[in-house]
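Please keep the sequence and the model in view while reading.

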Amino acid sequence: DTDRALVLLEEYCKKLRKPEEQQLKKAIRKVMGIFKSSLFQALLDSFKKKAARHGTTSHTSLSVALACDVLGYPKD
């Protein structure tokens, strides 16, 4: 699901061309870097394991939910 979030964010970044959108583009690129980091992946794995133990798993991962919220896309 992180890969899906990265694709959505990359698509959105491609649309940001105006000078006033460059700060947003930079912030999104930072988020993308975080999603790609090994630390984020380890935290996400830990979160998924804890959620599975407590029976609180869902169809949408944390990263995809965040990307969808930022971009205004439906989560499913």
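The expected span of a helix is taken as 1.5 Å times one less than its number of residues, where helices (H or I, at least four residues) and strands (E, at least two) are DSSP runs numbered from the N terminus. The model is a predicted one, in which local features need pLDDT of at least 70 and side-chain atom pairs count only at pLDDT 80 or more, while totals for chains, interfaces and linings use all residues. Residues are numbered from 1 along each chain as its sequence is written, and side-chain values use heavy atoms, with hydrogens and water left out.

The chain holds 4 helices and 0 strands, which follow one another from the N terminus as α-α-α-α. Of its 76 residues, 26% count as buried, a term that means under 20% relative accessible area, whereas exposed means over 50% and partly exposed lies in between (1.4 Å probe, protein chains only). With contact defined as heavy atoms within 4.5 Å, 54% of the contacts between residues at least 6 apart in sequence join residues at least 24 apart.

| Helix | Residues | End-to-end C-alpha distance | Expected span |
|---|---|---|---|
| α2 | 15 residues | 21 Å | 21 Å |

In α2, the residues I28, M32 and F35 are buried, and, seen down the helix axis, the buried residues of α2 fall within an arc of 55°, so they line one face; the arc is that of the directions from the helix axis to the C-beta atoms. Q23, K26 and K30 are exposed on the other side of α2.

After α3 comes G55, whose phi is positive, near 70°.

Which side chains meet in a salt bridge? Counting a side-chain nitrogen of Lys or Arg within 4 Å of a carboxyl oxygen of Asp or Glu, the total is 1 salt bridge, formed by R29 and E10 at 3.0 Å, N to O. The pair links R29 in helix α2 (residues 22-36) with E10 in helix α1 (residues 2-15), 19 residues apart. R29 counts as partly exposed at 37% relative accessibility, as does E10 at 25%.
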